[in-house]
Amino acid sequence: MSSRVPFKPQQVDAPLTQSATFLVLSITDTADAIRTVRSTLASVGDLSKNVSIRDLSASFACTIGIGSDAWDRVTRLPRPAELHPFPEVKGNKHTAVSTPGDLLFHIRSERRDLCFEFEKQLLDTLGDSVKVVDETVGFRYFDVRDLLGFVDGTANPVGPGVPTSVLVAEEDTPVIGGSYIVIQKYVHDINSWRTLKAEQQESIIGRTKFDNMELDDAPLQQQQSHKSLATISDSNGNEHEILRDNMPFGSPGSGEFGTYFIGYSRRLWVIEKMLQRMFVGEPPGLHDRLLDFSTPLTGTTFFAPSASLLETLDDD
Ligand code: HEM
């Protein structure tokens, strides 16, 4: 690919952008559906180039994820070792629901019109082979804040930590270079959240609101913050990070205030453990207080294969 086009297919760690579209599709049972999906996925790099060339400075990127139920039909290749449907997580008070989805397109750009144009061309190409399950348009809010007012994404890995925590390596060679993706579309009860004092909000999140300083973990067995519950170590004490590119979405006119959570990981179990700790609590019973103000409407797991694997799909 020419270095003049700043676009890499399946670039999981693409820059944070001003705009993003999260498009979840299901594959229909029309006669040619699988063939159309395979050829579209194989050539999606060309579709991306069509759009990204129109503004080289707009950091266009599209990452495609394939859901567990669709993997065999679409790829006809060995399954990623950990790939399975999103498991519902039921806590005493809150539930992480599991919802369907065969394909995910995570479309990012500095410009809303590029995201729009790509989505239009993509859906034209896919035709009646797919149905839209959910389409959410996200925007970047002041200082990379979520709509609860906190800077979101600070603890993401950087530099060499990104591939180490995000891309499958020698542990699963058939899908090397791919990444597990979990999405959840949350809506906030913004009016209740606003009744809390800033200090109460800060102890729920685990960071200060204005200047984004990290707070200490609570003593063991006590109510932990979101940041502490989402920090995962394995039995050897190694911490495992994930890469998040959450986006605010919503509309004040219709009273909708949301956060679209998207997490990329080399190991699916790491994100699932975060969800267990958030919804069930650690210790169990002390769930993440963020959930008293945030409800997930969706929950779906995908696998983003490497660009070279995607290109092989158009072989029939
Ligand atoms: C309503 C939805 C959510 C909101 C508004 C939210 C917001 C935040 C904020 C403000 C932080 C602190 C700053 C930062 O490091 O990014 C944070 C940290 C984090 N969140 Fe979330 N989050 C949400 C859901 C989730 C979910 C569902 C997961 C995982 C399944 C998750 C995983 C993490 C992780 C790994 C961290 C970093 C922890 C660390 O300091 O190492 N978040 N989140």
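Me: Which residues point one way from β5, and which the other way?

Reply: L103, F105, I107 and S109 point one way from β5. L104, H106 and R108 point the other way, and all are buried. This is a predicted model: local features need pLDDT of at least 70, side-chain atom pairs count only at pLDDT 80 or more, and totals for chains, interfaces and linings use all residues. Residues are numbered from 1 along each chain as its sequence is written.

Me: What makes β5 mostly covered?

Reply: A residue is buried if 20 or more other C-beta atoms lie within 10 Å of its own, exposed if 12 or fewer, and partly exposed in between; C-beta atoms are placed from the backbone. In β5, 7 of its 7 residues are buried. So β5 is mostly covered.

Me: How do you know that β1 and β5 pair?

Reply: Two strands pair if DSSP finds at least two bridges between them. A strand is a DSSP run of E, at least two residues; a helix is a run of H or I, at least four; both are numbered from the N terminus. β1 and β5 are joined by 7 bridges, so they pair, and they run antiparallel. L23 stands opposite F105 in β5. β2 also pairs with β5 in the antiparallel sense, over 6 bridges. There, I66 has L103 as its bridge partner.

Me: Why are the buried residues of α3 said to be on the same side?

Reply: The buried residues of α3 (residues 68–75) are A70, W71, V74 and T75. They cover an arc of only 120° around the axis, which puts them on the same side of α3. The arc is that of the directions from the helix axis to the C-beta atoms. An α-helix has 3.6 residues a turn, so residues three or four places apart point the same way.

Me: What comes just after α3?

Reply: R76, with a positive phi of about 55°.

Me: Which strands pair with β12?

Reply: β7 is joined to β12 by 8 bridges. β11 (residues 247–251) is joined to β12 by 5 bridges. β10 (residues 243–244) and β12 pair over 2 bridges, which meets the cut-off of at least two. The pairing with β10 is in the antiparallel sense. In β12, R244 has G263 as its bridge partner.

Me: Where is the positive phi in the hairpin of β11 and β12?

Reply: At G255, near 70°. The hairpin has 4 residues between the strands.
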